[in-house]
Amino acid sequence: MDERLREIIDFLKRFGKFTSIVEKIESTRPLPMSFVFEALFANSFLRNGLDLDYEGDVPESSGSHPDFLYTSEDGSRCFFELTRPEMSEELKIECEPEATDV
């Protein structure tokens, strides 16, 4: 693990609620970039003073499992599902331009 990633992991450990990300990064080899992406995302929010929860509480009936939850001061909630286009066939379909008749 490179020095910059180690610094980020140590920073995330201070919050106590990113244990799952930290454990994945420290124990999985080869290290999937999706875990690194999650750590970088959390680090960016936290360093900018925005509190973030990992795998926020979503009703099971939603069928969704977001990676992060941000709750604003007014109680509004924003869920983040991190994905790379090559990881999601559904996202690829959503991004394809519709065929048009010429």
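A nonpolar core is a set of buried Ala, Val, Leu, Ile, Met, Phe, Trp, Tyr and Cys residues joined through side-chain atoms within 4.5 Å. Buried means under 20% relative accessible area, exposed means over 50%, and partly exposed is in between, with a 1.4 Å probe and protein chains only.

Before I use those terms, some notes on the source. This is a predicted model, in which local features need pLDDT of at least 70 and side-chain atom pairs count only at pLDDT 80 or more, while totals for chains, interfaces and linings use all residues. Residues are numbered from 1 along each chain as its sequence is written, and side-chain values use heavy atoms, with hydrogens and water left out.

Now the core. The largest nonpolar core has 20 residues, and those with the most contacts inside it are Leu12, Phe18, Ile21, Ile25, Ala39, Leu52 and Phe68. At least two residues of this core come from each of α1, α2 and α3, and α3 gives the largest share, 7 residues. Helices here are DSSP runs of H or I with at least four residues, strands are runs of E with at least two, and both are numbered from the N terminus.

Take helix α1, residues 3–13. Its buried residues are Leu5, Ile8, Ile9, Phe11 and Leu12. Seen down the axis of α1, they fall within an arc of 160 degrees, so they line one face of the helix. The arc is that of the directions from the helix axis to the C-beta atoms. These buried residues pack against α2 (19–27) and α3 (33–47).

In α2, the buried residues are Ile21, Val22 and Ile25. Their arc is 95 degrees, so they too line one face of their helix. What covers them includes α1, α3, β1 (53–54) and β2 (68–71).

What does Leu12 touch, not counting residues up to four places away in sequence? The list is Phe18, Val22, Ala39, Ala42, Asn43 and Leu46, where contact means heavy atoms within 4.5 Å. Asn43 is in helix α3 and is buried, at a relative accessible area of 6%.

Next, the aromatic rings. Rings of Phe, Tyr and Trp (its six-membered ring) pair if their centres lie within 6.5 Å; planes under 30 degrees apart count as stacked, over 60 as edge-to-face and the rest as tilted. By this rule there are 8 aromatic pairs. In one of them, Phe15 and Phe18 have ring centres 6.3 Å apart and planes at 80 degrees, so the pair is edge-to-face. Phe18 is buried at 1% relative accessibility, whereas Phe15 is partly exposed at 35%. Phe45 and Phe80 are also edge-to-face, with centres 5.4 Å apart and planes at 70 degrees. Phe45 lies in helix α3 and Phe80 in strand β3 (residues 77–80), so this pair ties together parts that are 35 residues apart in sequence.

Last, the charges. A salt bridge is a side-chain nitrogen of Lys or Arg within 4 Å of a carboxyl oxygen of Asp or Glu, and the structure holds 7 salt bridges. Glu26 and Arg6 form one, with the closest N and O atoms 3.2 Å apart. Since Glu26 lies in helix α2 and Arg6 in helix α1, the pair ties together parts 20 residues apart in sequence. Asp51 and Lys17 form another, at 2.5 Å, N to O. That pair links the loop between α3 and β1 with the loop between α1 and α2, 34 residues apart.
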